[in-house]
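Biologist: I want to know what stands behind each label before I use it. Can we take the terms one by one?

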Amino acid sequence: QVQLVESGGGLVQPGGSLRLSCAASGSILSISAMGWYRQAPGKQRELVASITRSGTTNYADSVKGRFTISRDNAKNTVYLQMDSLKPEDTAVYYCNADIRVVGQIRTNNYWGQGTQVTVSS
């Protein structure tokens, strides 16, 4: 099957930076859209950023100018560079991808297990 494994979360001071990575593995035929979501305690999960296979990006207004999403199609990996971090960026960050698996016709949506990002002094 398919797995999405995130890495790069942690504790950082306000104004600092972190880089999240998410690698997809398994019997993958193709990956279309990839993205990052986050969920803070007591809040709904929200889209942070997304990127198409061709590189078109979309960002939540709250992170525009501070976060950058990118991907390496050869490695089936998506990245989220987070700069100028604020306490309100504290959340569990989840990787998401639309993946077509070998032997299947339809594309299915997959989630990673999440990685904690804490911004605090």
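Modeller: Start with contact, which means heavy atoms within 4.5 Å. By that test L80 touches L18, R19, L20, W36, V48, A49, F67, T68, I69 and Y93, leaving out residues up to four places away in sequence.

Biologist: What kind of model is this, and how are the residues numbered?

Modeller: The model is predicted; local features need pLDDT of at least 70, side-chain atom pairs count only at pLDDT 80 or more, and totals for chains, interfaces and linings use all residues. Numbering runs from 1 along each chain as its sequence is written, and side-chain values use heavy atoms, with hydrogens and water left out.

Biologist: How many helices and strands are there?

Modeller: The chain has zero helices and eleven strands. Helices (H or I, at least four residues) and strands (E, at least two) are DSSP runs, numbered from the N terminus. Along the sequence the pattern reads β-β-β-β-β-β-β-β-β-β-β.

Biologist: Why is the chain called as compact as a globular protein of that length?

Modeller: The globule rule is 2.2 Å times the number of residues to the power 0.38, and the radius of gyration is taken over C-alpha atoms. For 121 residues the rule gives 14 Å, and the radius of gyration of the chain is 14 Å, so the chain is as compact as a globular protein of that length. Along the principal axes, the C-alpha atoms fill a box of roughly 50 × 25 × 25 Å.

Biologist: What makes a residue buried, and what share of the chain is buried?

Modeller: Buried means under 20% relative accessible area, exposed means over 50%, and partly exposed lies in between (1.4 Å probe, protein chains only). Buried residues make up 39% of the 121 residues.

Biologist: Why is strand 9 described as largely enclosed?

Modeller: Eight of its eleven residues are buried, so strand 9 is largely enclosed by the rest of the structure.

Biologist: What makes a set of residues a nonpolar core?

Modeller: The members are buried Ala, Val, Leu, Ile, Met, Phe, Trp, Tyr and Cys residues, joined through side-chain atoms within 4.5 Å. The largest core here has 32 residues, and W36, L80, M82, Y93 and I99 touch the most other members. Strands 3 (18–25), 4 (28–39), 5 (46–51), 7 (67–72), 8 (77–82), 9 (91–101) and 11 (115–119) each supply at least two residues. Strand 9 gives the largest share, six residues.

Biologist: How do you know which strands pair with strand 9?

Modeller: Two strands pair if DSSP finds at least two bridges between them. Strand 4 and strand 9 are joined by nine bridges and run antiparallel. Here Q39 has V92 as its bridge partner. Strand 9 and strand 11 have three bridges, also antiparallel, and Y93 is partnered by T115. Five bridges join strand 9 to strand 10 (residues 107–111), again antiparallel. In that pairing D98 stands opposite N109. Each bridge count meets the cut-off of at least two.

Biologist: In what order do strands form the open sheet, and which are its edge strands?

Modeller: Four strands form the open sheet in the order 1-3-8-7, with antiparallel pairing. Strand 1 (3–7) and strand 7 are the edge strands, since each pairs on one side only. Strand 7 and strand 8 pair over six bridges. One of the bridge pairs is F67 with M82.

Biologist: What makes the phi of N76 and S84 worth a look?

Modeller: Most residues other than glycine have a negative phi. Phi of N76 is near 50°, a positive value. N76 lies in the loop between strand 7 and strand 8. S84 also has a positive phi, near 50°, and sits in the loop between strand 8 and strand 9.

Biologist: Why are N76 and S84 called partly exposed?

Modeller: N76 has 22% relative accessibility, so N76 counts as partly exposed. S84 has 41%, so S84 counts as partly exposed too.

Biologist: Where is S120, and what does S120 touch?

Modeller: S120 lies in the segment after strand 11. S120 is partly exposed, with a relative accessible area of 38%. S120 touches L11, V12, Q13 and P14, not counting residues up to four places away in sequence.
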